[in-house]
Protein chains: 2
Amino acid sequence: MAPAKQHSVFLLLCFFITKLSPVLAQTKPVFACDLSNNPGLKNYSFCDPSLDVETRVSDLVSKLTLQEKIGWMVNGAKGVSRLGIPNYEWWSEALHGVSYVGPGTKFSSVVPGATSFPQVILTAASFNESLFETIGKVVSTEARAMYNVGLAGLTFWSPNINIFRDPRWGRGQETPGEDPLLASKYGAAYVRGLQQRDDGDKNRLKVAACCKHYTAYDLDNWKGIQRYSFNALVTQQDLDDTFQPPFKSCVLDGNVASVMCSYNQVNGKPTCGDPDLLAGVIRGEWKLNGYIVSDCDSLNEIFNSQHYTKTPEETAALTVNSGLDLNCGSFLNDHAQAAVDRGLLNETEINRAVTNNFATMMRLGFFDGDPSKQLYGNLGPKDVCTTENQELAREAARQGIVLLKNTEKSLPLSPTLIKSLAVIGPNANVTHTMIGNYEGTPCKYTTPLQGLTASVATMYASGCADVSCGTANVDEAKRIAATADAVVLVVGSDQSIEKESLDRVDITLPGQQQLLISEVANVSKGPVILVIMSGGGMDVQFAKDDPKISSILWVGFPGEAGGAAIADVIFGHYNPSGRLPMTWYPQSYVEKVNMTNMNMRPDPTTGYPGRTYRFYKGPTIFSFKDGLSYSQFNHELVSAPKLVSVPLEETHVCRSSECKSVDALEENCKSLGFSIHLRVKNVGEMSGSHTVFLFSSPPEVHNAPQKHLLGFEKLHLVAQEEGVVKFEVDVCKHLSLVDENGKRKVALGEHVLHVGSLKHLLNVRI
Amino acid sequence: MAPAKQHSVFLLLCFFITKLSPVLAQTKPVFACDLSNNPGLKNYSFCDPSLDVETRVSDLVSKLTLQEKIGWMVNGAKGVSRLGIPNYEWWSEALHGVSYVGPGTKFSSVVPGATSFPQVILTAASFNESLFETIGKVVSTEARAMYNVGLAGLTFWSPNINIFRDPRWGRGQETPGEDPLLASKYGAAYVRGLQQRDDGDKNRLKVAACCKHYTAYDLDNWKGIQRYSFNALVTQQDLDDTFQPPFKSCVLDGNVASVMCSYNQVNGKPTCGDPDLLAGVIRGEWKLNGYIVSDCDSLNEIFNSQHYTKTPEETAALTVNSGLDLNCGSFLNDHAQAAVDRGLLNETEINRAVTNNFATMMRLGFFDGDPSKQLYGNLGPKDVCTTENQELAREAARQGIVLLKNTEKSLPLSPTLIKSLAVIGPNANVTHTMIGNYEGTPCKYTTPLQGLTASVATMYASGCADVSCGTANVDEAKRIAATADAVVLVVGSDQSIEKESLDRVDITLPGQQQLLISEVANVSKGPVILVIMSGGGMDVQFAKDDPKISSILWVGFPGEAGGAAIADVIFGHYNPSGRLPMTWYPQSYVEKVNMTNMNMRPDPTTGYPGRTYRFYKGPTIFSFKDGLSYSQFNHELVSAPKLVSVPLEETHVCRSSECKSVDALEENCKSLGFSIHLRVKNVGEMSGSHTVFLFSSPPEVHNAPQKHLLGFEKLHLVAQEEGVVKFEVDVCKHLSLVDENGKRKVALGEHVLHVGSLKHLLNVRI
C-alpha cells in the first residue's frame with residue numbers, strides 16, 4: 001500500500017477513528033421506560049410523557065408492592081425490572097462543580113475531570129447574583145453531560161445554605177456566608193441555575209438541586225462535640241430571622257426540588273424526625289414541590305447516637321410520619337417494612353414519600369425513555385471542561401477575591417517594573433488545596449505560582465512543609481525575599497485545618513506562618529503582598545498593623561483557576577471587587593465564646609457578645625462587606641422617600657403587629673413598596689466592578705439587629721463612567737423584624753438606611 | 001447535654017462515624033454465583049469452587065444459548081440473570097498504575113486516585129527486574145482494592161511490550177524499549193507481579209494481565225499513515241528475533257492470561273485474522289492458558305478500513321476461526337450470530353472462545369461467590385495510595401532516571417552550598433505531563449519545582465507557554481538564571497508532541513526550546529543542569545556539545561513523584577543508576593528513514609541504516625545502555641570459559657544447524673550452559689546501584705546482530721564495597737541466532753562477550 005497515494009483517505013479515516021474510540025469507552029445513562037428494550041412498557045401510563053406527572057406517578061405507585069416502594073425510599077434505590085425501572089443512585093453532589101463525593105458520580109477516561117469553580121464562600125464574596133446562577137447553569141450542563149455517559153445521576157445534593165454562624169465551623173467554606181439575605185439570594189440563584197431548563201418548562205428539571213442542611217446546622221466537631229448528636233438550642237426569633245430564611249427562599253424563590261434535613265437536633269428534636277419542621281413548614285407552609293431527604297445515615301444517628309427512639313422501627317416511623325421521603329443510607333430499607341408490620345407506619349405515608357420521589361424523577365425525564373432523544377440528550381464529554389467553562393471558573397475567582405489592605409497603592413504590581421518576584425508560603429504552589437471540599441477532579445490546575453509566573457520571573461520558597469507549618473524554613477524564604485522587587489506570600493489553611501467533621505479551635509494562622517510572614521516582610525525591599533487562602537476568617541491583626549506588609553488579599557479556596565485569578569488581581573488585569581461575606585473575628589472571640597452557643601443576639605448579663613455583623617458589636621479584624629478596589633466609587637442619592645405610612649386597617653397583612661409570610665405579603669402589600677435610586681461614579685483611573693449595598697438599621701425594639709442587609713447590586717463601570725442603581729424596597733418584606741415570638745412586624749419610627757456610603761433617614765409611621 | 005462530660009463518648013462516636021461514612025458511599029464488586037442472593041445457584045457445578053476449572057466451564061457453557069455465548073465474546077459482556085451471571089466489563093488498563101482508560105475502571109470519592117508509577121520506558125531504564133515485578137504487585141493490589149468497591153474490573157490489558165523500533169513512535173513511551181531481551185524480562189516480570197497470588201496458587205489469578213499488541217505493531221499515525229490499516233512488511237528473521245520474543249516470553253515465562261492482537265496487518269494479513277499467528281503460534285506453540293482479545297474496534301477496521309473481508313460476517317468468522325476469543329468493541333455481538341447462520345462459523349469455535357474467556361474469569365474467582373470472603377477480599381480504599389506505594393513510585397523514578405552528561409562532576413549539587421536555584425522550562429512545574437499516557441488519577445503530584453524547592457530556595461520561569469514553545473520568553477528566564485548559583489532547565493515533550501495516534505516527524509526539542517536552553521546556559525554563572533522529560537529520545541547534540549551545559553538528565557515521564565525523584569538525583573540523595581533502554585538517534589536519521597520500513601537490518605544497497613543498537617552502526621546522540629553514576633565501578637573477571645563445544649550428534653537440538661525453540665532447549669541443553677563470574681567494586685565515594693550488562697557479538701553470519709543483550713543484573717554497593725555478579729549462560733538459548741528463514745542456530749566461531757566493561761573471547765566449536 002503506497003502511503004503517499006492514500007494520504008487523503010488516511011486523514012479521513014483518522015477523523016473517523018478519533019471520533020469512534022471514545023464511543024467504545026462510553027457507558028449509557030440509566031433511565032426507565034426503555035421502550036426499545038421492552039416495547040410492552042408503552043402500555044403503562046407512567047411511561048407516557050404526554051400525561052401529567054401526577055397521573056403518571058399515581059399509576060406507577062399503584063403498580064408497586066410495599067417492598068418495591070420501600071426500595072425507592074433510600075439513596076441506592078432498587079430497580080423494578082418487571083416495570084422497566086433500573087437501579088438508581090440518588091446521591092450525587094455539585095457544590096461548586098460536579099463532584100466525586102457521593103456514589104452517583106464518577107470520573108473516568110471519558111470524562112476525567114469537570115470544571116471546579118471556587119469554593120462557595122469565595123463565590124459569595126462576589127456579591128453577584130447573576131454569577132451565582134450562571135455557575136449553577138454551567139455545572140448542570142456538565143452534570144447532564146456526565147449523566148449522558150453514565151457517570152453521574154440527575155439528583156444533586158447542593159447547595160449548602162446554612163448560615164456561617166461561627167468562624168470555627170469547618171464547613172463554613174461551603175456556604176455563602178453569615179448573612180441571611182445573601183444566603184437566600186445565593187441559594188435561590190444557584191438552584192435556578194442548576195434546575196431551570198432552557199426551554200422554560202417549569203414543570204421539568206434540568207437536574208434536581210437540594211438545599212441543605214435543614215436547619216440550624218453549623219457545628220461539625222468542636223472539641224469532640226459532634227454534629228451527629230448536637231442539640232442546637234435556638235430561640236424562635238433566631239430561627240425565624242437567621243436560620244430559616246435561606247431555606248424559605250430556596251423553596252419559594254428557587255423552587256428547589258429537595259430539602260435535606262440535618263444530623264443535629266433543634267431544641268431537643270432531631271430535624272429529620274420533627275413533624276413541625278418537615279410536614280409543617282417545608283411541605284405545609286412553603287409547599288415544597290419535591291422530596292425531603294435525610295443527611296447520610298442520620299436516621300441511624302437518631303437511633304444509635306441520640307437514642308431518641310427506642311427501636312429502629314420507631315425511628316423509621318417517626319421520620320416518615322414527620323414528612324421524610326428519602327433516606328440517605330439503608331435505614332428505611334432495613335426497618336420500614338417492620339415499622340409497617342408493627343402498625344407504627346401507614347402505607348399511605350409511604351405512598352406519599354415515593355410519590356414525591358418518583359415525581360422528581362418524572363420531572364427529570366427519567367421515565368421518558370431514551371435521554372438522548374430528550375432536551376440535553378446531545379450533551380456529552382465535549383461539553384465538560386470547555387474553554388468557556390474554565391474561563392468562567394477564573395472569572396468567578398477574580399470576582400470573589402477580596403482586597404483587604406493596600407497601603408500606598410502597592411497593588412496592582414506592574415509586570416514590566418517588577419523584574420523579580422519572590423513567591424513564598426505553604427499555599428503558593430498548591431493544587432488540591434485550591435478546590436476546597438465537596439470537590440471533583442478538576443479540568444486542570446493553575447497554582448498561584450503558575451499564575452504569577454505567567455507574567456513575571458519568580459523565585460519560590462514554600463517556607464513551610466505544609467499549612468500546619470510546625471517549623472518555618474525562614475532563612476531560605478528571607479534569602480529570596482531580600483533580593484526580589486516584590487514579595488507575594490501565600491498562606492492560610494487547607495482541609496487539614498478546617499473541614500467537614502473538623503471545626504477549628506483557634507482562628508490564627510496555623511503554626512509558624514505568622515513568624516514566616518513577619519520575618520520575610522522585614523527583609524523585603526519592595527511591596528509585600530499577603531494572600532490568605534482559607535475558608536473561614538483568620539485573625540491577622542499583626543499583618544494589618546505591620547507597615548512592611550503593604551497589601552492583604554483573601555482568596556477563599558479559589559478553585560481550579562485560582563492561581564490565574566490571583567495573578568490577574570495582583571497585576572491589575574482585574575480590578576478586585578469582592579467583599580467579605582462574613583465577619584473576621586479576633587482570636588479572643590473564640591477564646592471567650594462557646595461554639596455551641598447558638599444565640600445570634602448578645603446577652604449583656606453574661607457578656608456573650610452575639611454573632612455576625614447584625615448583632616456583634618465588638619472589635620473585628622475585618623468586617624462583613626469589607627473590600628477595596630483599585631478605583632474609587634462615589635455615591636450620590638438620586639431619590640428616596642423620607643416617610644412611609646403603614647395602613648391603619650387591622651386586617652392588613654402589613655399592619656405593624658401582623659406581618660405574616662413573605663409570599664402572602666407579595667400579593668397584598670405592593671402599594672407599600674418604594675424605590676431608592678443611587679448614582680454611582682467610578683472616579684478612579686481603572687475600570688472596575690462595584691457592589692452597592694443597602695442596609696437598614698431599624699429602631700431598637702425587639703432585640704432587632706443593629707443593621708441588616710436589604711439588597712445588593714453589582715455594576716461594572718469603566719473609569720469616569722456613571723451608573724444608577726435602583727433598589728426596590730418592600731416595606732413589610734424588607735423592613736420588617738421578627739419579634740421574640742417569631743412574629744414579623746414593621747417597627748414604627750426611624751430606620752437608618754445605609755445606601756452605599758450614604759445614610760438616609762426613613763420614618764415609618766401608621 | 002454537657003459537652004465535657006460526654007467527651008469520651010463523643011470521641012468514640014467520632015471514630016465510629018468516620019468508619020461508617022465511606023461504607024455508605026461504597027459500591028460492591030460485580031461477581032457471579034451470589035448464593036446469598038440466589039441459593040438455587042449452589043446446585044450448578046460452575047458455581048462450585050471445589051471443582052476444577054475445566055469441569056466448571058464445561059458445565060457453564062453447556063447451559064448457555066448461542067446468543068448468550070456471543071454476549072460473552074465482547075468486552076461489555078452481557079449478564080445471564082437466570083444463571084446469576086452479571087454484566088461484566090472486560091476492559092480495564094493498568095500500564096503503570098490503575099488507569100481510568102477503559103470503561104471498566106473509574107475514580108470516585110471512595111478512591112479518588114491510585115499510585116501512578118513512572119511511564120514504562122523510564123521504569124525499563126532501571127534495568128531492575130525485581131522492581132518490574134514489585135510495581136506489578138502493587139498495581140494489582142490497588143486494582144483488587146478498587147474491584148472490591150466496584151470501581152475496577154479484574155482483567156487489565158497491560159503491559160505493552162512492542163519493540164520501540166523507531167524513535168518517532170508516539171507509544172514508545174509505553175514500552176520497555178528497543179531490546180527484545182529487556183522487553184521480554186520486563187513483560188514477564190510485570191505480568192507475574194500483576195497475576196501471581198500470594199498463596200502461590202498458580203491455577204488462580206490475582207488479576208489477569210494482557211500482553212499487547214501482537215505483533216509488529218509500532219506505528220500509530222505517521223504523516224497520515226494509520227495503524228488501523230498499516231501493513232507491516234516484516235521478514236521472518238526480524239519477526240523471530242525482534243518482534244516475537246517479548247510475546248513468547250510473556251506467555252512462556254510470564255504465564256500471561258491474555259494476548260491482544262493488534263490493528264495492523266503483518267505481511268498482508270490482519271493480525272486478528274491470521275490463524276498462523278493466533279491459533280498456530282500463541283495457542284499451538286506457546287500454549288496460552290487464557291484468552292486472545294482484539295484491540296478495540298480492530299474487527300471493524302479489518303472490514304471497514306482494510307477491506308480485507310467482503311462482509312462483516314466473514315470478518316467475524318475469520319477472526320474467531322483464527323483463534324480470537326474476545327472482541328473489544330461490539331462487532332462480534334453484531335455479526336457472530338449471522339456468521340453462524342450463514343455457515344461461516346461453527347458453534348464449536350464459539351464454545352472454544354467462551355471457554356477460554358470463562359476459564360479466565362473462573363481463575364479470577366469471579367464464579368466463586370462473594371469476593372469479600374476470598375483472598376484479597378479485605379483489600380479496600382485503605383490499600384490504595386498508601387505511603388509505601390507512593391514511596392515505591394518515587395523509588396522507581398529514581399532508579400530509572402539516566403544521567404547522560406556530567407562534566408566536572410557538576411552533579412550532585414550541594415543543598416547547603418547552592419543558595420539560590422533557577423528552575424526554568426516548560427516542564428519545570430508540570431503535573432499531568434509527568435504521568436504520561438494510559439494514566440489514572442494519581443494520589444498526588446510532586447512537580448520538579450516542588451521537589452527542588454523542598455531542598456533549596458528556587459526562582460522559577462517557565463520560559464515557554466508550553467512544550468510546543470512557539471516563542472520562548474528568553475529574557476525573563478535569563479534574568480533569573482544570571483543571578484542564581486545553579487540552573488535546572490526542565491524541557492522536553494508531553495502528550496501534545498508524542499502520544500497514541502500521533503507519531504513525531506522530528507526528534508529535536510519542540511519549538512524554541514533549544515534557543516531557550518542555549519541563551520539561559522550562556523548567562524548562567526554556575527552549573528546548568530538540563531533535565532529532559534520525554535517518552536522518546538531527543539536530538540540534543542547541541543547540549544552535549546555546549547560546555548556551558550554541565551549535566552544532562554533524562555527522566556522519561558517520571559510519574560506522580562517525579563519531581564521528588566529528580567530532586568533526589570540532583571541533590572545526591574540518590575545516586576543515578578538508570579541506563580537508556582533505547583538508542584537516541586540524530587535528527588538526520590528520521591529525515592532519511594521512513595517510519596514504515598520495518599526492517600531491523602541495514603541494507604547496504606539502499607543505504608538504509610537499520611535499527612537499534614543491535615543493527616544500527618551510524619552516529620547516535622546517546623546509545624542504548626548509556627548512563628552515568630556519581631560513583632565509579634570497576635569490573636574484574638573472576639571466571640569465564642574460553643571454549644564451548646557443541647555436541648556432534650546431528651539429532652541434538654543444540655546442533656549448530658538444528659536449534660529449535662527455546663522451551664525445547666531448556667529440557668535438553670542444560671549441559672551446554674556455563675557461567676560467568678564478575679567482580680564489581682564501587683571505587684567511588686558514594687553508595688550506588690549499578691547494572692552489569694552481558695552482551696555478545698556473534699560471528700558475522702546470517703546478518704547476525706553486531707551485538708545483543710544476553711543478561712543484566714543490578715546490584716547496590718556502598719562506597720568501596722565489592723560484589724560478585726553471576727550470569728548463567730545457556731549456549732543454545734542465549735548465544736543462538738535466527739537465520740534468514742527464522743531458524744535458530746548457534747554460530748560456530750568466536751563470540752565476543754562484553755561482560756560489564758570487559759571483553760572476553762569465547763570460541764564455539766563442534
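I took two strands as paired if DSSP finds at least two bridges between them. The model I worked from is predicted.

Entry 1, chain B strands. I began with E15(B), where B:Ile529 is the bridge partner of B:Val488. E14(B) and E15(B), the latter spanning residues 528–533, pair in the parallel sense over six bridges. I then turned to strand E12 (residues 421–424) of chain B, which runs parallel to E14(B) and is joined to it by four bridges. Here B:Val488 is the bridge partner of B:Val423. I also noted a right-handed β-α-β unit made by E14(B), helix H17 (residues 513–523) of chain B and E15(B).

Is strand E14 of chain B buried or exposed? I found seven of its seven residues (486–492) buried, so the strand is largely enclosed by the rest of the structure. On one side B:Ala486, B:Val488, B:Val490 and B:Gly492 are buried, and on the other B:Val487, B:Leu489 and B:Val491.

Entry 3, nonpolar core. The largest nonpolar core has 185 residues, and A:Trp584 is among those that touch the most other members. Beyond its neighbours within four places in sequence, I listed contacts of A:Trp584 including A:Leu404, A:Trp554 and A:Phe622.

I recorded an open sheet of three strands in the order E3-E7-E10 (chain A), with parallel pairing. Strands E3 (211–214) and E10 (291–294) of chain A each have a single partner strand, so one side of each is left without a neighbour in the sheet. Neighbouring strands of this sheet are turned by 25° against each other on average, direction ignored.

Technical notes:
Residues numbered from 1 in each chain as written. Chains lettered and ligands numbered in written order. Predicted model: local features only at pLDDT ≥ 70, side-chain atom pairs only at ≥ 80, totals over all residues. Heavy atoms only, no water. Buried < 20%, exposed > 50% of the residue type's maximum accessible area, 1.4 Å probe, protein only. Helix = DSSP H or I, 4+ residues; strand = E, 2+ residues; numbered from the N terminus. Right-handed = clockwise from strand over helix to strand, strands pointing away. Core = buried A, V, L, I, M, F, W, Y, C linked by side-chain atoms within 4.5 Å. Contact = heavy atoms within 4.5 Å. Axes fitted to C-alpha atoms, helices over the stretch in contact; angles between N-to-C directions.
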